[in-house]
Amino acid sequence: MSDHIYKKIELVGSSPDSIEKAVENALVRAATTIRNMRWFEVVETRGHIEEGKLSHWQVTIQVGFTLDE
């Protein structure tokens with residue numbers, strides 16, 4: 001196993017559909033500018049309520065990626 005150095009960033013994704021979709025939205029968008037993403041960790045989950053009903057999910061994740069050689 002080779003040695004790896006990772007950098008972590010924090011992202012917030014959102015979706016009206018689900019927690020999973022909020023995570024996916026954050027990762028898909030990040031992939032357009034960040035290379036070598038390897039893992040993520042959900043650190044916070046929130047929901048928005050409108051008229052007494054859940055209307056939107058917001059998820060904070062930390063994403064780890066390897067640095068270029």
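Two strands are taken as paired if DSSP finds at least two bridges between them. The legends below describe a predicted model.

**View 1. Overall arrangement of the predicted chain.** The protein has one helix and three strands, and along the sequence these follow the pattern β-α-β-β. The radius of gyration is 14 Å, well over the 11 Å that the globule rule gives for 69 residues, so the protein is more spread out than a compact globule. Along the principal axes, the C-alpha trace spans about 50 × 20 × 15 Å. Buried residues account for 25% of the 69 residues. Of the contacts between residues at least 6 apart in sequence, 61% join residues at least 24 apart.

View 2. Three strands, in the order β1-β3-β2, form an open sheet with antiparallel pairing. The edge strands are β1 (6-15) and β2, each of which pairs on one side only. On average, neighbouring strands of this sheet are turned by 15° against each other, direction ignored. Helix α1 lies across β1, β2 and β3 and runs at about 125° to β1.

View 3. Strands of a sheet pair through backbone hydrogen bonds, either parallel or antiparallel. Here β2 and β3 pair in the antiparallel sense over 12 bridges, and Gly-47 has Trp-57 in β3 as its bridge partner. The two strands form a hairpin with two residues between them. In the turn, Glu-51 has a positive phi of about 55°. Strands β1 and β3 also pair in the antiparallel sense, over 10 bridges; in this pairing, Glu-10 has Gln-62 in β3 as its bridge partner.

**View 4. The largest nonpolar core.** In soluble globular proteins, nonpolar side chains tend to be buried together. The largest nonpolar core of this model holds 10 residues in all: Leu-11, Ala-22, Val-23, Ala-26, Ala-30, Ile-34, Val-59, Ile-61, Val-63 and Phe-65. The elements that give two or more residues to this core are α1 and β3. Leaving aside residues up to four places away in sequence, Ala-22 touches Gly-13, Ser-14, Ser-15, Trp-57 and Val-59.

**View 5. Surroundings of Thr-66.** Thr-66 lies in strand β3 (residues 53-66). Its relative accessibility is 8%, and Thr-66 therefore counts as buried, the cut-off being under 20%. When residues up to four places away in sequence are not counted, Thr-66 touches His-4, Ile-5, Tyr-6, Arg-35, Asn-36 and Arg-38.

**View 6. Salt bridge between Asp-68 and Arg-35.** A search of the whole structure finds two salt bridges. One of them joins the side chains of Asp-68 and Arg-35, at 2.3 Å from N to O. Asp-68 lies in the segment after β3 and Arg-35 in the loop between α1 (19-30) and β2 (37-50), so the pair ties together parts that are 33 residues apart in sequence. Asp-68 is partly exposed, with a relative accessible area of 48%, whereas Arg-35 is exposed, at 53%.

**View 7. Salt bridge between Arg-46 and Glu-44.** Side chains of opposite charge can pair when their charged atoms come close. In the salt bridge of Arg-46 with Glu-44, the closest N and O atoms are 2.4 Å apart. Arg-46 counts as partly exposed, at 30% relative accessibility, and Glu-44 counts as partly exposed at 39%.

Methods:
Residues numbered from 1 in each chain as written. Predicted model: local features only at pLDDT ≥ 70, side-chain atom pairs only at ≥ 80, totals over all residues. Heavy atoms only, no water. Helix = DSSP H or I, 4+ residues; strand = E, 2+ residues; numbered from the N terminus. Buried < 20%, exposed > 50% of the residue type's maximum accessible area, 1.4 Å probe, protein only. Contact = heavy atoms within 4.5 Å. Salt bridge = Lys/Arg side-chain N within 4 Å of Asp/Glu carboxyl O. Core = buried A, V, L, I, M, F, W, Y, C linked by side-chain atoms within 4.5 Å. Axes fitted to C-alpha atoms, helices over the stretch in contact; angles between N-to-C directions. Rg over C-alpha atoms; globule rule 2.2 N^0.38 Å.
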